[in-house]
Amino acid sequence: MDLGIKGKRALVCASSKGLGRGCAVALAEAGVDLVLNARGAEALEATAADIRTKYNVNVETVAADVTSEDGRAKVLAVAGQVDILVTNAGGPPPGMWTDWDRADFIAALDANMLTPIALIKALVPRMMERGWGRVVNITSVSVKAPIPVLGLSNAARTGLTGYVAGTSRQVASRGVTINNLLPGLHDTDRMISLDTNASETTGKSFDDIRAEKCASIPAGRYGTADEFGATCAFICSQHAGFMIGQNVLLDGGATVSTM
Ligand code: NAP
């Protein structure tokens with residue numbers, strides 16, 4: 001299917017690896033020029049070089065922490081005017097509900113709620129002026145089904161979800177869509193590190209940990225960054241202009257609900 005976005009320009013945050021990279025690759029495959037971001041320059045440049053070679057699109061990079069004010073200013077300076085924004089960043093640490101104080105909540109809100117909101121506020125006005133834009137926020141399955149050890153993430157991402165629910169309806173008449181993409185378990189570096197940690201703390205093998213988790217997913221496996229990216233590219237396509245303020249869950253059926 002021709003996604004109809006060849007020649008558009010996208011900012012994809014936190015995209016040297018994992019789900020962000022999957023989104024960047026799928027957009028590049030659709031002919032979209034990219035601004036990529038991550039903190040570490042090495043993996044970022046490697047990803048940019050790989051995408052340029054494979055898809056022949058223009059790729060710029062900004063090595064910066066998108067959750068800090070300075071880092072975000074650098075990202076926005078390079079991005080300039082974009083047609084597509086994919087927001088993403090690392091998730092907050094796990095813990096018990098008694099572990100966190102105000103500073104922990106402020107850090108989580110800054111990273112996973114206020115950063116995407118600041119990016120939306122910076123970039124959506126020009127999309128509205130031009131009558132076309134797409135925003136996809138990478139959030140988490142935890143907004144539909146809370147993950148108890150990820151209380152900081154549950155709280156911050158649900159806050160963003162509420163903001164998007166209202167704001168997406170305020171900008172839709174100007175050709176701009178804002179939607180959220182909710183990953184369940186996906187096979188990325190983050191998941192390797194979580195499963196390694198679970199293996200070390202339980203004494204079970206890495207493979208046994210994975211097999212147990214996959215058994216809890218009706219699809220019987222983890223998702224891939226490629227299929228996650230393909231869904232993101234569709235939401236950014238010309239064909240998805242009637243999709244407004246939705247929360248698209250990609251979890252292999254793991255969250256049991258009727259709707
Ligand atoms: P990942 O494989 O660890 O990749 C994270 C990417 O984001 C890397 O490119 C990393 O590069 C970059 N990054 C992290 N923090 C950043 C920051 N502050 N500023 C700029 N770039 C940053 O992680 P992932 O699995 O793709 O997860 C992406 C998001 O989805 C996370 O918020 C995660 O909590 C959420 N999520 C993932 C899953 C899953 O199953 N994978 C499920 C639910 C939710 P640098 O480290 O060099 O900055």
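Is Phe105 buried, partly exposed or exposed? I looked it up in this model, which is predicted. Phe105 is partly exposed, because its relative accessible area is 30%, between the cut-offs of 20% and 50%.

**Entry: aromatic rings**

I noted that a pair of aromatic rings is described by the distance of the centres and the angle of the planes. I then searched for such pairs and got a count of 1. Trp100 and Phe105 make up the pair, with ring centres 6.3 Å apart. Their planes stand at 85°. That angle is over 60 degrees, so I wrote down edge-to-face.

Trp100 has a relative accessible area of 14%. That is under 20%, so Trp100 counts as buried.

**Entry: a charge over a ring**

I looked at Trp132 next. Which residue has its charged end over the ring of Trp132? I found Lys8 there, with its charged end 4.0 Å from the centre of the ring.

**Entry: the cavity**

Rolling a probe the size of a water molecule over the atoms shows where empty space is left. I searched the whole structure for cavities of 30 Å³ or more and found 1. The volume of the largest cavity is about 80 Å³.

Which element gives the largest share of the lining of this cavity? I found that α4 does, with 4 residues. Helix α4 spans 102-130. Strand β5 (133-138) and helix α5 (151-171) also supply at least two residues each. Among the lining residues I listed Thr87, Asn88, Ala111, Asn137, Arg157 and Leu160. By class, I recorded 6 polar, 5 nonpolar and 1 charged residues in the lining.

**Entry: the second largest pocket**

I then turned to the second largest pocket. I noted about 170 Å³ of space in it. Which helices each supply at least two residues of its lining? I found α1 (18-29) and α8 (225-235). Helix α1 gives the largest share, 5 residues.

The lining includes Leu3, Arg21, Val25, Glu29, Tyr55, Asp226 and Phe234. How many of the lining residues are nonpolar? I recorded 8 nonpolar residues, along with 1 polar and 3 charged. Gly22 is also on the list of lining residues, and I put Gly in the polar class. I looked up the charged ones too: Arg21, Glu29 and Asp226 are in the lining, and Arg, Glu and Asp count as charged.

Definitions and conventions
Residues numbered from 1 in each chain as written. Predicted model: local features only at pLDDT ≥ 70, side-chain atom pairs only at ≥ 80, totals over all residues. Heavy atoms only, no water. 1 Å grid on protein atoms, 1.4 Å probe; cavity = no way out; pocket = protein on both sides within 12 Å on 5 of 7 lines; lining within 4 Å. Points joined across faces, edges and corners; volume = space filled by probe spheres on them. Phe/Tyr/Trp six-rings, centres within 6.5 Å; stacked < 30°, edge-to-face > 60°. Buried < 20%, exposed > 50% of the residue type's maximum accessible area, 1.4 Å probe, protein only. Lys NZ or Arg CZ within 6 Å of the ring centre and 35° of its normal.
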